[in-house]
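Thanks for coming. I have one structure to go through, so please look at it first and then I will start.

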Amino acid sequence: MPSFDIVSEVNEVEVRNAVDQTNKEVSTRFDFKGSDARVEQAEKILTVFSDNEFQLDQVKDILRAKLAKRNVDVRCLDEGKVEKVSGNKVKQAITVKVGVETELAKKIVKLIKDSKLKVQASIQGDAVRVSGAKRDILQDTIALVRKDITEFPLQYQNFRD
C-alpha cells in the first residue's frame with residue numbers, strides 16, 4: 001500500500017554555518033564595532049546577544065538572511081522574550097522547531113479526513129503517515145496539505161509504493 005510521511009526537519013549543518021557566517025559578518029561590520037553582539041548555538045537553541053534592542057533586531061535580520069540563503073526555512077524559528085542581561089545588554093533565545101507538533105499533526109489529520117480523499121492519516125510520533133490505495137490520491141493529498149498548511153515548513157518524505 002503506497003504511503004508517505006509528513007515531517008518537519010531542519011538541516012543542522014546549514015544552521016551551524018548560518019550562525020558562523022552571522023558572527024563573522026557582525027564582527028566585521030562597522031556599526032557593531034566594540035559591541036558584544038553575537039549568536040551562540042546550543043543544540044536547537046540559538047541565543048542572540050547584543051548591547052541594545054536595536055542591535056538585537058539587526059543581528060536577527062542578518063541571521064534570517066543567512067538562514068534563507070542556506071535554504072533553511074525561517075518559519076521554523078520560535079523567538080522567545082528579550083531579556084536584560086547586565087546594564088543595557090540584552091539577549092534573546094530563538095528555538096529551532098523540529099518535528100510536527102501534536103496540535104499541528106491533529107490539524108493535518110483533520111484536514112485530510114475532511115477532504116474526503118480515500119487515504120488514511122495517522123500520527124507517528126513527530127510525523128504524520130499518510131497511506132492510500134493509489135499514488136495519484138497521495139499526490140493530491142500532498143497538494144492539499146501544501147495549499148492549506150502555510151504557517152509551518154513541512155517536508156514530504158518516505159514516499160513508498
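Is F159 buried, exposed or partly exposed? This is a predicted model, where local features need pLDDT of at least 70, side-chain atom pairs count only at pLDDT 80 or more, and totals for chains, interfaces and linings use all residues. Residues are numbered from 1 along each chain as its sequence is written, and side-chain values use heavy atoms, with hydrogens and water left out.

Now the answer: F159 has a relative accessible area of 32%, so it counts as partly exposed. Buried means under 20% relative accessible area, exposed means over 50%, and partly exposed is in between, with a 1.4 Å probe and protein chains only. F4, at 0%, counts as buried.

There are 2 aromatic pairs in the structure. Rings of Phe, Tyr and Trp (its six-membered ring) pair if their centres lie within 6.5 Å; planes under 30 degrees apart are stacked, over 60 edge-to-face, and the rest tilted. F4 and F159 make a stacked pair, with 5.9 Å between centres and 10° between planes. F4 sits in strand 1 and F159 in strand 8, so this pair ties together parts 155 residues apart in sequence. Ring pairs join F4, Y156 and F159 into a cluster. Helices (H or I, at least four residues) and strands (E, at least two) are DSSP runs, numbered from the N terminus.

Two strands pair if DSSP finds at least two bridges between them. A121 has V130 in strand 7 as its bridge partner.

Which residues of helix 4 are buried? They are I137, L138, T141, I142, L144 and V145. Seen down the axis of helix 4, they fall within an arc of 165°, so they line one face; the arc is that of the directions from the helix axis to the C-beta atoms. On the other side, D136, R146 and K147 are exposed.
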